[in-house]
Amino acid sequence: MEGLAGVVAGSSAICSVGTGAGLLYRGYPIEELARRAEFEEVAHLLLVGHLPTEHELKDFKQTLQEHRELPLVVKEVLQALPISTHPMDVMKAGVVALGCARPEALDFANQEGCALQILGALPAMLIYWHHYHKHGKQIPLSSKQSMAHYLLERLREEEPLEVEVKAMDAMLTLYAEHEFNASTYANRITASTLSDLYSCVSTGIGTLKGRLHGGANELAIAFILRFDSVSQALQEVDALFAKKEKIMGFGHRIYKHADPRSAVGFELAKQLKHLGDPKLFEIALAIRDKVKQEKGLPDNIDFFGGLIYHYMRLERLYYTPFFVMSRAVGWMAHVFEQRAHNRIIRPTSTYTGAPKRPFLPLQDRS
């Protein structure tokens, strides 16, 4: 089947999608996790298998914080990248360099330690590259703050509001895991060859860079920002309908009626609208309602997701790297699961080429 739509490609205990119970991370509804848990709690749940106790969470967060101080070779690689480098390639180069500096054991005995090292280092990679190339300085990377707080504080160099930290926590949680999506499945294919964890995560980043997977929230906010009023936006939506063109942030292969993450995204955007232009929220709301009413397409997390980041004054090209920092948890949980019961992933295809034919010598070919 084209795109493997509807094909069951394996089993997993990490996440359930499209079963009628909503989106569950190891049995916990995404809505509860996004509203009530820190991202580090969710990361522990996905990587370790259970929600942490207070003591476990403290140790988990401390380990992640320790890994924010990047090895010298990783800093040198990030410095060597030109300012024109796409931030997704920055993340990929940083992970590869980290794997060279602190490799995983061939028997994977240190896979948990490598996973925490990657998760702790990912935000620091973007922060270091950003300030080195945009502001010409090497910013200190150590911090005892949560990942959500750390990202906002270090990228903007100011203390974030509590509502912003909670919103970033929720966004990291909403994007952390989503079953056998393209990047996760590519990551599992790499894992099935018994490649190292850094290569698996790099595979995920490369797949997520594609416009049909990551980046939808960037396009969604760019669309919303085109309009000065609700009426102008609705006229453009009508024009796009007439041309049968897509509007980014709507529809989903799995969710036909509603993306369970979208209601949380809507709430977050509503809470943050006072930090920027509230009119953008009204425009987004009008577009959402019109597309749903006239085309029956629900919005997905990317539609309001871009607006949330915009209200927090974060650079648009960094939206997908934030996705990486979050989804890396899911990728690595799937690597652990794949390795536990591994068989190399090697599907077959239906041949549609020429039938068997004789080889002609060069001089006999016309």
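Predicted model: local features only at pLDDT ≥ 70, side-chain atom pairs only at ≥ 80, totals over all residues.
Trainee: Why is the pair of phenylalanine 266 and phenylalanine 281 called tilted?

Mentor: The ring centres of phenylalanine 266 and phenylalanine 281 lie 5.4 Å apart, and rings pair if their centres lie within 6.5 Å. Their planes stand at 40°; planes under 30 degrees apart count as stacked and those over 60 as edge-to-face.

Trainee: How do you know whether phenylalanine 281 is buried or exposed?

Mentor: Its relative accessibility is 2%, and buried means under 20%. Phenylalanine 281 therefore counts as buried. Phenylalanine 281 also forms a tilted pair with phenylalanine 304, at 6.0 Å between centres and 45° between planes. Phe250, Phe266, Phe281, Phe303 and Phe304 form one aromatic cluster.

Trainee: What makes the charged end of arginine 288 a charge over the ring of phenylalanine 266?

Mentor: The charged end lies 4.8 Å from the ring centre, whereas the distance cut-off is 6 Å.

Trainee: Why is the link between glutamate 104 and arginine 339 called a salt bridge?

Mentor: The closest N and O atoms of glutamate 104 and arginine 339 are 2.7 Å apart. The limit is 4 Å between a side-chain nitrogen of Lys or Arg and a carboxyl oxygen of Asp or Glu, so the pair qualifies. Glutamate 104 lies in the loop between α5 and α6, and arginine 339 in helix α16, 235 residues apart.

Trainee: How do you know whether glutamate 104 and glutamate 158 are buried or partly exposed?

Mentor: Glutamate 104 has a relative accessible area of 9%. This value is under 20%, so glutamate 104 is buried. Glutamate 158 has 32%; exposed would require over 50%, so glutamate 158 is partly exposed. Glutamate 158 forms a salt bridge with arginine 156, and Arg156, Glu158, Glu164 and Arg313 are linked in a network of salt bridges.

Trainee: What makes the link between histidine 149 and glutamate 159 a polar contact?

Mentor: The side chains of histidine 149 and glutamate 159 make this contact at 2.8 Å, and the limit for N or O atoms is 3.5 Å. Histidine 149 lies in helix α7 and is buried, at 7%.

Terms used. Residues numbered from 1 in each chain as written. Heavy atoms only, no water. Buried < 20%, exposed > 50% of the residue type's maximum accessible area, 1.4 Å probe, protein only. Lys NZ or Arg CZ within 6 Å of the ring centre and 35° of its normal. Helix = DSSP H or I, 4+ residues; strand = E, 2+ residues; numbered from the N terminus. Polar contact = N/O pair within 3.5 Å; in protein donor to acceptor, adjacent residues only side chain to side chain.
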